[in-house]
Every structure is written in structure tokens, then in C-alpha cells.
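Here are a few notes to go with the model as you look through it.

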Amino acid sequence: MRMASVGHFLFAVTMIALGVMGLVRGDFTPVWQPVAKGFPAREALVYLCASISLASGIGLLWRRTAAPAARLLFAWFVLWFLTIRVPDGFPTPTVLGSWYGCAETAVMVAGAWVLYAWFATGWDGQHLGFVTGGKGLRGARVLYGLALIFFGVAHFVYLKETVADVPGWLPSHVAWAYFTGGAFIAGGVAVLVGVYARLAATLGAVEIGMLTLLVWVPIVVAGTKDAFQRSETILSAALTVGAWVVADSYRGVPWLAVNKR
């Protein structure tokens with residue numbers, strides 16, 4: 001199959017890798033966290049998530065199966081977002097960190113949504129037209145823009161933690177924390193209002209990717225045994241790919257276009 005974009009290929013490969021990882025480890029990969037130990041049928045859910053990741057990732061690589069694979073993955077991410085991520089923030093709704101997982105999953109939903117909008121068949125357009133085609137792309141971009149804004153606000157609210165994550169070899173750690181937070185917010189707003197949206201979406205993906213390469217990858221390469229840090233590295237890599245797919249959805253839109261959502 002001819003790939004719709006580089007992001008399409010990387011998203012498919014990422015889902016395959018996450019699926020294999022989940023099946024081998026017998027536990028949720030970072031994209032499907034958090035699920036409490038006492039959650040009903042938790043083990044079955046682990047293998048279901050892994051199987052959906054693997055099957056949809058493989059399906060996205062073939063023309064005949066791309067549409068049902070994208071449909072399945074998008075539906076599962078939406079279901080996960082609504083039933084796992086959103087309720088996770090209810091106990092402490094006024095605490096920003098309680099909703100951070102929602103923003104992370106929102107990026108993955110947006111990436112899967114773009115792929116579904118691309119590969120939707122006539123049946124999808126007839127029965128699910130409100131989430132396919134141009135409407136689907138707009139919905140995915142709005143979700144992505146909101147996630148970027150949330151990431152930026154979190155940089156300011158949790159400034160101490162953000163500063164601690166800045167690589168030691170960079171000067172002016174506080175300035176970098178402010179800059180990256182402001183860049184996320186500006187990018188998210190630009191995506192929402194359609195001003196330089198393609199540039200903003202692309203730079204948002206680049207920023208997530210740079211955080212992956214500069215913050216998390218070196219920690220893993222150094223041989224950390226911290227499960228949280230390894231998990232964050234995998235999640236950040238997946239978010240980079242999800243953001244890349246959304247940025248790819250702007251192909252054909254001028255980089256400095258205004259009012260082009």
C-alpha cells in the first residue's frame with residue numbers, strides 16, 4: 001500500500017510495537033494507562049488493548065484493511081478516553097495534573113481520527129459523516145490544539161517539575177521552561193483559530209519530539225531502572241507520532257495561511 005504520509009507509516013509501526021510489547025509483557029503499555037490493579041477483568045483488558053494495537057497497526061499498512069483498522073483504532077481510543085481517562089480526573093477536578101492523561105490520550109485520539117478521516121469508505125461517510133472527511137479533520141485538529149494548550153499551561157503550573165526535566169547541559173533552565181510552555185500554548189491557539197495552523201501543528205509535533213529526544217531518551221540510554229521514566233519515554237514517542245499525523249493532515253495548506261482550519 002502507498003502510505004498516505006510518513007506519519008501514517010510511523011503511527012502504524014508504533015501501534016504494532018505497542019501491541020507486541022503489551023502481549024510480551026502481559027501488562028498495559030503507557031498509552032493504555034492507568035488501570036487500577038483491581039479493575040474487573042484487568043488481564044483480559046490488557047490483551048484486548050494489545051491485540052487492538054497490533055491488529056490495527058498491521059491493518060493500517062494495507063489498502064484493503066486501512067479503513068476498518070483506522071475505524072477500530074479511533075473507536076477504541078475514543079472509548080478509552082471517555083471511560084478511563086476522563087473519569088480519572090473526577091476525584092480531583094480542580095487539580096490540573098488530574099487531567100494530564102486526558103490531554104495525552106487526546107493527542108492519540110487526534111492522530112487516529114485523522115487516519116480514519118483519510119481512509120473512511122462510502123459506508124463511513126453515509127453512516128458516520130460527522131466524524132469523517134473535512135468534519136473529522138477539523139475535529140481532530142481541535143482536539144490536538146486543546147491538548148497543546150493544556151501541555152503549555154502545565155509547564156507553568158508545574159514549573160518546578162518542568163525545570164527539573166530540562167537537560168543539564170542547557171543554560172537558563174527556567175527560561176527554557178517558560179519558552180516551551182508558551183510555545184505549546186501559542187501553537188494550540190493557532191491551530192484552533194486557523195492562523196498559521198500548519199506551521200503551528202508541525203512545530204507542536206517537533207516540540208514533543210524534541211522533548212522525547214532531549215529529555216527522555218538520554219535517561220533510558222543511561223540505563224535507568226525507573227519504570228516511570230521508561231514509561232514516559234515510550235508515551236512521549238507515541239505522542240510525537242500522533243502529533244506528526246495531525247501535522248500531516250495540513251498538507252496542501254500554505255504554511256502561513258490565515259483562517260484555514
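This is a predicted model: local features need pLDDT of at least 70, side-chain atom pairs count only at pLDDT 80 or more; totals for chains, interfaces and linings use all residues.

1. Along the sequence the pattern reads α-α-α-α-α-α-α-α-α-α.

2. On overall dimensions, a compact globule of 261 residues would have a radius of gyration near 18 Å, and the protein agrees, with 18 Å. Taken along the principal axes, the C-alpha atoms fill a box of roughly 55 × 50 × 35 Å.

3. Now for the contacts and the surface. Among contacts with a separation of 6 or more, 72% join residues 24 or more positions apart. Some 47% of the 261 residues count as buried. The accessible surface comes to about 12,400 Å², and carbon and sulfur atoms account for 70% of that.

4. The largest nonpolar core has 64 residues, of which Phe11, Trp32, Leu60, Phe77, Trp80 and Phe151 touch the most other members. Helices that each supply at least two residues of this core include helix 1 (6–25), helix 6 (133–157) and helix 10. Helix 4 gives the most, with 13 residues.

5. Which residues does Phe151 touch, leaving out those up to four places away in sequence? They are Tyr100, Ala103, Glu104, Val107, Phe184 and Ile208.

6. Do have a look at helix 10, too. Its 22 residues (227–248) reach 32 Å from first C-alpha to last, close to the 32 Å expected at 1.5 Å a residue. At its start, a side-chain oxygen of Asp226 reaches to within 2.8 Å of the backbone nitrogen of Phe228.

Definitions and conventions. Residues are numbered from 1 along each chain as its sequence is written. Side-chain values use heavy atoms; hydrogens and water are left out. Helices (H or I, at least four residues) and strands (E, at least two) are DSSP runs, numbered from the N terminus. The expected span of a helix is 1.5 Å times one less than its number of residues. A polar contact is a pair of N or O atoms within 3.5 Å; within protein, one must be able to donate a hydrogen and the other to accept it, and residues adjacent in sequence count only if both atoms are side-chain atoms. A nonpolar core is a set of buried Ala, Val, Leu, Ile, Met, Phe, Trp, Tyr and Cys residues joined through side-chain atoms within 4.5 Å. Buried means under 20% relative accessible area, exposed over 50%, partly exposed in between (1.4 Å probe, protein chains only). Contact means heavy atoms within 4.5 Å. The radius of gyration is taken over C-alpha atoms; the globule rule is 2.2 Å times the number of residues to the power 0.38. Accessible areas come from the Shrake-Rupley method with a 1.4 Å probe; for residues, only the protein chains shown count as cover.
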